[in-house]
Amino acid sequence: MDAQPTASHHIAGGYADDPEGAEIACIYPASGEEIAKVRGATPALIEQSLAAADAARAEWAGLSGTERGRILKRAAEAMRDRNRELSTLETLDTGKPLQETLVADATSGADALEYFGGLAGSLAGTTHQVGRDWVYTRREPLGVCVGIGAWNYPTQIACWKAAPALACGNTMVFKPSEVTPLCALKVAEILTEAGLPAGVFNVVQGRGDVGAALVRDPRVAKVSLTGSVPTGAKVYAAAAEGIKSVTMELGGKSPLLIFDDADLEDAVSGAIMANFYASGQVCSNGTRVFVQDGIRDAFVARLAERLKGAVMGDPMDEATNFGPLVSAAQMEKVLGFIDSGRAEGATLVTGGRRAERPGFFVEPTVFADVTDDMTIAREEIFGPVASILSFADEAEAVARANATPYGLSAGVFTRDLARAHRVAAAFEAGSCFINAYNLTPVEAPFGGTKLSGVGRENSAAAIEHYSQLKSVYVGMGPVEAAY
Ligand code: NAD
């Protein structure tokens, strides 16, 4: 498959380019080779994209929800039909194994388009009788939305933002991460083929400066970012200057609690899902694995054993289930965290090295005897590194689990039902799991508390973040006045 897109940007229903834009090389993480090139958006292209989104607003918002939904659902079907092609591109963009991308990326994007396409026709206001008079509400779009993506799920992130935004009658300019610029262009292409009017969904490439220029623009009503906490703080502050709504899907350092009574195999599977899927590049990962004393040794031994089943190799080979990190920079960052784990006294159980093969592969790594103050237990690594911490009782585990400035996710494995729900209620996190981990169906709200974010994606809750209520007071007369 040729990864090179037709052009760098997709604006007003077609591909666009500007030879003045700064070059961005697309590096295939499994080989380190350049597979495509795009250009960052110039000020002229940024202007074109925002003008197109602004011009498309009235017509798109003027359609019925059912008509908007029909287009989104048609796009969902096209994504499913083209799943293999889109998954191959996702693998080229990110390095994630095809075994994963075939089931987790375009399919998840299609779910969002289908779900919000289905909701679009039933968006409605309410009526309230107030004595003789009454009030009704209209659920209205916000206007032009800006979506900014991280590099770990480029197709999914574009769809998770576009689907609810477009269902509510907004238009969008989406900027993918400069590390993975390819997939969002396909989403724009498919939406256009499905009948989306020109300008409703636009994609522009670029680094943080392009994102910042989009966020600043006075035509923009809402900004939805998926990214790190430091970027989130900057984008939130810039949005605040224009009193714009935000959705912030940011980083985490989530806890996973394994109690003595848990099913050992299930708990190990959960820890694998929570640490090694996508080579650990998942925001909701449960990277602080707290294991109760009675099960700890068996758990660590079984986890190390099961990790021998990780097949590192060509991501296009469907037998491969463990891919590289997205970039050389990310690999260096992760190796740095591994060095700090060693230096600060954690016990390396398995892994710990860069793999001896081309590309940016780091072995699945487990540290035991990790304490709460160690760097690997406090900072988001975003790589295949699990930290095992021990605990004695529930109250201690919950207190330590919550002792973090982040609050994206948290999980618990136990056979004690009452404890499972008690612990889930006590977690300071937005997306929690009981005897499961990292499952994010479109029906469930997804998002963080504390530093991990603001707002929710997916589910009917996302509608609240992409629409506003207007209330209309209807006087039935006569009108009373003081004088
Ligand atoms: P990042 O913060 O470096 O970049 C995110 C995006 O923001 C990129 O598109 C980047 O170009 C853009 N950007 C950077 N500076 C900007 C600025 N000043 N104004 C506007 N845009 C700007 O994040 P990343 O390294 O691409 O992704 C990894 C991070 O994303 C991790 O912290 C991870 O936890 C987080 N993440 C969160 C979720 C979630 O849903 N909560 C999902 C995936 C990733």
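**Sheets, cores and a pocket in a predicted model**

Ser-409 stands opposite Ser-431 in strand β19. The model is predicted: local features need pLDDT of at least 70, side-chain atom pairs count only at pLDDT 80 or more, and totals for chains, interfaces and linings use all residues. Residues are numbered from 1 along each chain as its sequence is written, and side-chain values use heavy atoms, with hydrogens and water left out.

Helices (H or I, at least four residues) and strands (E, at least two) are DSSP runs, numbered from the N terminus. Two strands pair if DSSP finds at least two bridges between them. Strand β18 spans residues 409-413 and is joined to β19 by four bridges. The two strands run parallel.

Both strands belong to an open sheet of seven strands. Its order is β14-β15-β16-β13-β12-β18-β19, and the pairing is mixed. The edges are formed by β14 (347-350) and β19 (431-434), each of which pairs on one side only. Neighbouring strands are turned by 20° against each other on average, direction ignored. For such angles, axes are lines fitted to C-alpha atoms, for helices over the stretch in contact, and values run from 0 to 180 degrees between N-to-C directions.

Contact here means heavy atoms within 4.5 Å. Helix α11 (residues 293-307) lies across β12 (255-258), β13 (288-292), β14, β15 (365-368) and β16 (385-391). Helix α11 runs at about 130° to β13. Helix α12 (residues 328-343) packs on the sheet and touches β14, β15 and β16. The direction of α12 makes about 25° with that of β15.

Asp-297 is placed in helix α11. Its relative accessible area is 56%, so Asp-297 is exposed. The class limits are under 20% for buried, over 50% for exposed, and in between for partly exposed (1.4 Å probe, protein chains only). Asp-297 and Ala-368 are separated by 71 residues in sequence. Their C-alpha atoms are 9.7 Å apart in space.

A second sheet is open and has three strands in the order β5-β6-β22. The pairing is antiparallel. Its edge strands are β5 (127-130) and β22, each pairing on one side only. The twist averages 25° from one strand to the next. Four bridges link β5 and β6 in the antiparallel sense. Thr-127 stands opposite Tyr-136 in β6.

On a 1 Å grid over the protein atoms alone, a pocket is an open set of points where a 1.4 Å probe fits, with protein on both sides within 12 Å along at least five of seven lines; lining residues have an atom within 4 Å of a point. The second largest pocket has a volume of about 280 Å³. Volume is the space filled by probe spheres set on the points, which are joined across faces, edges and corners. The lining of this second largest pocket comprises 15 residues. Ala-61, Arg-68, Leu-123, Arg-139 and Glu-140 lie nearest its centre. Strand β6 gives the most, with four residues.

Nonpolar cores were defined as sets of buried Ala, Val, Leu, Ile, Met, Phe, Trp, Tyr and Cys residues joined through side-chain atoms within 4.5 Å. The largest has 49 residues. Those with the most contacts inside it are Met-79, Leu-113, Leu-166, Met-172, Leu-191 and Phe-201. Elements supplying at least two residues each include α1 (43-62), α2 (65-81), α5 (106-120) and α6 (154-167). Helix α6 supplies the largest share, nine residues. Leaving aside residues up to four places away in sequence, the contacts of Met-172 include Cys-145, Ala-165, Leu-166, Phe-201 and Tyr-466. A second, separate core has 29 residues, among them Met-374, Val-385, Ala-410 and Ala-429.

Ala-278 is not a glycine, yet has a positive phi of about 55°. Ala-278 is found in the loop between α10 (264-275) and β13. Its relative accessibility is 3%, so Ala-278 counts as buried. Asn-438 likewise has a positive phi, near 60°, in a residue other than glycine. Asn-438 is found in the loop between β19 and β20 (449-450). At 13% relative accessibility, Asn-438 counts as buried. A cis peptide bond joins Gly-477 and Pro-478, with omega about -5°. Pro-478 is found in the segment after β22 (467-474).
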